[in-house]
Amino acid sequence: MIGGSLDQGWYSAVNRFAVHTPWLHGAARLFANDGIVLFVLLLLVSFWFARRSGSLARVTAAIAAPFGVLVALGLNQLVGRAVDEPRPYAVLPHALVLVSRTTDPSFPSDHAVMAGAVAAGVWVAGRRLGVVAVALALVMAATRVYVGAHFPLDVVAGLLLGAVVALAWYAAVRRVTLRAATHLTRTRLRRYVVTS
């Protein structure tokens, strides 16, 4: 196991907290499983705000963001298979688990990678919404540990991997995307790129 006994200790502490807070189970389970919908909405709202701002730089960032998320998730599949860390409930069979058990690798967390990538992409497109995205990403990471699906290091690594890949993706495609967006503003498709 990557994090060793320290990571197991943190996981066990969170798991004990989960045992003693049954009133949080429903909300945690819902967010841990279906919170992805909020991150999709964040990407859409980010593009809407960027478009309304009239800033092609922000529009470019908002267009690049969902693709950065996909690249991060694809890379995470390779990392997960290479590391092949078992899920916490395979290592600690008596742990409280509030979601369906799976056999896919635990490190890094797919949910955390997605959340980190969305947060980074939305942050680049606009700071105000970026703050909301970062907060929700942290909640997603904490929730995935709370429901028993991941060790703490799994979600920390996931957030960092997602954010770094999304930012690297944006840096790689920014110029091309900006040129494409600029070209579209000179066509009848302008209104789909900027509103002002």
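G162 lies in helix 8 of a predicted model, in which local features need pLDDT of at least 70, side-chain atom pairs count only at pLDDT 80 or more, and totals for chains, interfaces and linings use all residues. Residues are numbered from 1 along each chain as its sequence is written, and side-chain values use heavy atoms, with hydrogens and water left out. The helices here (H or I, at least four residues) and strands (E, at least two) are DSSP runs, numbered from the N terminus.

Is G162 buried or exposed? With a relative accessibility of 0%, G162 counts as buried; buried stands for under 20% relative accessible area, exposed for over 50%, and partly exposed for what falls in between (1.4 Å probe, protein chains only). Neighbours within four places in sequence aside, G162 is in contact (heavy atoms within 4.5 Å) with A72, V113, G116 and A117. From C-alpha to C-alpha, G162 and V139 are 15 Å apart in space, and in sequence they are 23 residues apart.

Stepping back to the whole protein, the secondary structure comes to nine helices and zero strands. The C-alpha trace spans about 60 × 35 × 25 Å along its principal axes. Of the 196 residues, 43% count as buried. Among contacts between residues at least 6 apart in sequence, 78% join residues at least 24 apart.

Which residues have the most contacts inside the largest nonpolar core? They are F39, L42, A115, V118 and V122, in a core of 30 residues. A nonpolar core is a set of buried Ala, Val, Leu, Ile, Met, Phe, Trp, Tyr and Cys residues joined through side-chain atoms within 4.5 Å. Two or more residues of this core come from each of helix 3 (36-53), helix 4 (56-83), helix 6 (110-125), helix 7 (127-146) and helix 8 (152-184). Helix 6 gives the largest share, nine residues. A second, separate core has 10 residues, including A18, A28, L98 and A149.

Charged side chains come next. Side chains of opposite charge can pair when their charged atoms come close. A search of the whole structure finds one salt bridge, defined as a side-chain nitrogen of Lys or Arg within 4 Å of a carboxyl oxygen of Asp or Glu. The side chains of R87 and D104 form this bridge, at 2.9 Å from N to O. R87 sits in the loop between helix 4 and helix 5 (88-91) and D104 in the loop between helix 5 and helix 6, so the pair ties together parts that are 17 residues apart in sequence. R87 counts as buried at 7% relative accessibility, whereas D104, at 31%, counts as partly exposed.

Most residues other than glycine have a negative phi, and most peptide bonds are trans. D84, although not a glycine, has a positive phi of about 55 degrees. D84 lies in the loop between helix 4 and helix 5 and is exposed, with a relative accessible area of 52%. Between F107 and P108 there is a cis peptide bond, with omega about -15 degrees. P108 belongs to the loop between helix 5 and helix 6.
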